[in-house]
Amino acid sequence: MVRWMRAWMDARTMAPSNKSFRTKRTLGKKAKQNRPMPHWFRMKSETTKPYNTKRRNWRHSKLNL
């Protein structure tokens, strides 16, 4: 493997786990938003949305933080 590519891969896999408070707060909010719609809300007669349309998967879409 090329030396620069090896250094680049090591830098990506060895990313620090230290987060700023702003980043941690944003991740916490996004984690709370990423849940299914409550069952009681779905059973209300006026509700037309059967599921959470803003649901996010960690593999499919990124937060761009």
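The following questions and answers concern a predicted model of a single chain.

In this predicted model, local features need pLDDT of at least 70 and side-chain atom pairs count only at pLDDT 80 or more, while totals for chains, interfaces and linings use all residues. Residues are numbered from 1 along each chain as its sequence is written, and side-chain values use heavy atoms, with hydrogens and water left out.

Q: Which pattern does the chain follow when read along the sequence?
A: Helices (H or I, at least four residues) and strands (E, at least two) are taken as DSSP runs, numbered from the N terminus. The chain has three helices and zero strands. Along the sequence, the pattern is therefore α-α-α.

Q: What percentage of the residues of the chain count as buried?
A: A residue is buried under 20% relative accessible area, exposed over 50% and partly exposed in between (1.4 Å probe, protein chains only). The chain has 65 residues, and the share that counts as buried is 2%.

Q: Is histidine 39 buried or exposed?
A: Histidine 39 lies in helix H3, which comprises residues 39-42. Its relative accessible area is 55%, so histidine 39 is exposed.

Q: How far apart in space are histidine 39 and proline 50, C-alpha to C-alpha?
A: In sequence, histidine 39 and proline 50 are eleven residues apart. In space, their C-alpha to C-alpha distance is 9.7 Å.

Q: Why is the pair of tryptophan 40 and phenylalanine 41 described as it is?
A: Rings of Phe, Tyr and Trp (its six-membered ring) pair if their centres lie within 6.5 Å; planes under 30 degrees apart count as stacked, over 60 as edge-to-face and the rest as tilted. By this rule there is one aromatic pair. The ring centres of tryptophan 40 and phenylalanine 41 are 5.8 Å apart and the planes stand at 85 degrees, so the pair is edge-to-face.

Q: Is phenylalanine 41 exposed or partly exposed?
A: Its partner tryptophan 40 has 60% relative accessibility and counts as exposed. For phenylalanine 41 the value is 30%, so this residue counts as partly exposed.

Q: What is the phi of asparagine 64?
A: Asparagine 64 is in the segment after H3 and, at 73% relative accessibility, counts as exposed. Although asparagine 64 is not a glycine, its phi is positive, at about 55 degrees.
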